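Please read this report alongside the sequence and the model, which are shown next.

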Amino acid sequence: MNNGKFVISLDFELHWGVRDKKTFQEYGENIRGVHTVIPRLLNTFNTFDINATFSTVGFLFFENKAQLLGNIPSNLPSYDNNDFSPYLGHFNLVGDNYKEDLYHFAPQLIAEIKKYPKQEIGSHTFSHYYCLESGQTVEQFRDDITYAMKVATKNNVVITSLIFPRNQFNEEYLNVCNDLGIICYRGNEHSWLYEAKNGKQESSFRRALRLIDAYINISGHNCYSTECLKSKFPIDIPSSRFLRPFSNSLKIFDQLRLNRIKSGMTYAAKNNLTYHLWWHPHNFGINQNENFNFLEKILEHYKLLNLKYNFQSITMSNLAKKIQNEG
């Protein structure tokens with residue numbers, strides 16, 4: 001390709017993505033905030049002509065608890081740690097319908113995304129499935145993705161991209177993705193700091209270095225040529241940078257955080273490479289004005305790069321299709 005590409009992907013999960021780590025009391029404001037964040041993101045992306053991939057947990061498509069309970073796979077994930085499974089006890093916390101429960105259902109937000117044809121709805125698995133945690137199997141993963149695609153199809157959404165929850169990329173599961181029509185996924189940055197690991201394998205040392213890397217260049221720009229993505233299928237579209245949310249305690253370093261992202265984008269634009277930025281909508285659930293002001297600075301920089309270097313915004317699946325067509 002003769003120009004750089006700018007990819008944005010969002011892990012759209014509500015409380016399903018954090019339920020084994022944070023309670024409603026600890027994180028509820030962030031989750032509730034997603035219901036205003038998504039419309040605001042769509043408006044912002046429309047203003048800056050951004051194409052993004054909203055990778056959506058399948059449970060969010062349902063309108064009520066009865067629908068959810070009527071669509072449970074028979075082959076449930078058998079994690080050694082029961083806390084990882086939403087099927088074991090958590091449904092007791094789920095409300096009757098999306099109007100009463102802002103934590104577990106989002107059909108109205110999915111309907112809003114569908115109004116913007118430049119935005120893609122991808123999969124974040126059906127149940128926020130953990131592909132590297134011990135006990136679960138590839139066939140259980142197959143059932144999970146099958147149900148994710150089934151509920152999407154019922155809502156007139158065609159799923160062709162996948163983001164692995166907690167970035168637990170598992171190469172052994174790619175054949176399942178290929179079988180089910182997934183043409184691309186988001187892999188991790190090509191640095192040992194971001195190598196896929198399960199919860200037990202993760203270390204506070206790596207977390208600390210990743211935090212520093214958000215402000216100071218430790219791991220590089222993490223941009224890449226699409227030429228190197230052609231050899232495998234489904235196509236890996238690796239992340240370049242996690243957009244960390246506003247932190248009052250770290251706000252004095254925000255210019256460093258911004259420069260870290262902008263410099264990576266500039267490097268990609270100048271060298272016809274791809275830059276992939278990602279975050280969760282719930283990261284913006286609080287401090288929304290600060291987070292959106294920061295995002296707009298990034299997107300203003302994108303517009304400058306678009307004008308100067310023909311740097312182009314693209315969804316994950318559309319980038320994969322371009323790579324396929326040129327392969």
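## A charged pair within helix H7

Because Arg257 and Asp254 are three residues apart in helix H7 (residues 254–270), about one helical turn separates them. Their side chains meet in a salt bridge with an N to O distance of 3.1 Å, the term being used for a side-chain nitrogen of Lys or Arg within 4 Å of a carboxyl oxygen of Asp or Glu. Both Arg257 and Asp254 are buried, where buried stands for under 20% relative accessible area, exposed for over 50%, and partly exposed for values in between, with a 1.4 Å probe and protein chains only. Helices (H or I, at least four residues) and strands (E, at least two) are DSSP runs numbered from the N terminus.

The model is predicted, and local features therefore need pLDDT of at least 70, side-chain atom pairs count only at pLDDT 80 or more, and totals for chains, interfaces and linings use all residues. Residues are numbered from 1 along each chain as its sequence is written, and side-chain values use heavy atoms, with hydrogens and water left out.

## Other salt bridges

By the same rule the count comes to seven salt bridges. One of them joins Asp11 to Arg186, with the closest N and O atoms 2.9 Å apart; this pair links distant parts of the chain, since Asp11 lies in strand E1 and Arg186 in the loop between strand E5 (184–185) and H6, 175 residues apart. Both Asp11 and Arg186 are buried.

In helix H4 (residues 138–154), Glu139 and Arg142 lie three residues apart, about one turn of the helix, and their side chains form a salt bridge at 3.5 Å, N to O. Glu139 counts as partly exposed at 41% relative accessibility, and Arg142 is likewise partly exposed, with a relative accessible area of 23%. Glu139 and Arg142 are linked with Asp179 in a network of salt bridges.

Eight of the eight residues of strand E1 (residues 5–12) are buried, so the strand is largely enclosed by the rest of the structure. Both of its faces are covered, with Lys5, Val7, Ser9 and Asp11 buried on one side and Phe6, Ile8, Leu10 and Phe12 buried on the other.

Strands are said to pair if DSSP finds at least two bridges between them. E1 pairs in the parallel sense with strand E8 (residues 274–279) over six bridges, and in E8 the bridge partner of Val7 is His276. Five bridges join E1 to strand E2 (residues 52–56), again in the parallel sense, with Phe54 of E2 as the bridge partner of Leu10. Two bridges connect E1 with strand E9 (residues 312–313), and these strands also run parallel; here Phe6 has Ser313 as its bridge partner.

## A nonpolar patch

Ile212, Ile216 and Ile218 make a nonpolar surface patch of about 260 Å². Patches consist of residues with over 30% relative accessible area and no salt bridge, like charges being joined within 9 Å and nonpolar side chains (Val, Leu, Ile, Met, Phe, Trp, Tyr) within 5 Å, and accessible areas come from the Shrake-Rupley method with a 1.4 Å probe, only the protein chains shown counting as cover for residues. Ile218 lies in the loop between helix H6 (204–213) and strand E6 (235–236), and is partly exposed, with a relative accessible area of 44%.

## The chain as a whole

The protein chain has nine helices and nine strands, and of its 327 residues 56% count as buried. Along its principal axes the C-alpha trace spans about 50 × 45 × 40 Å.
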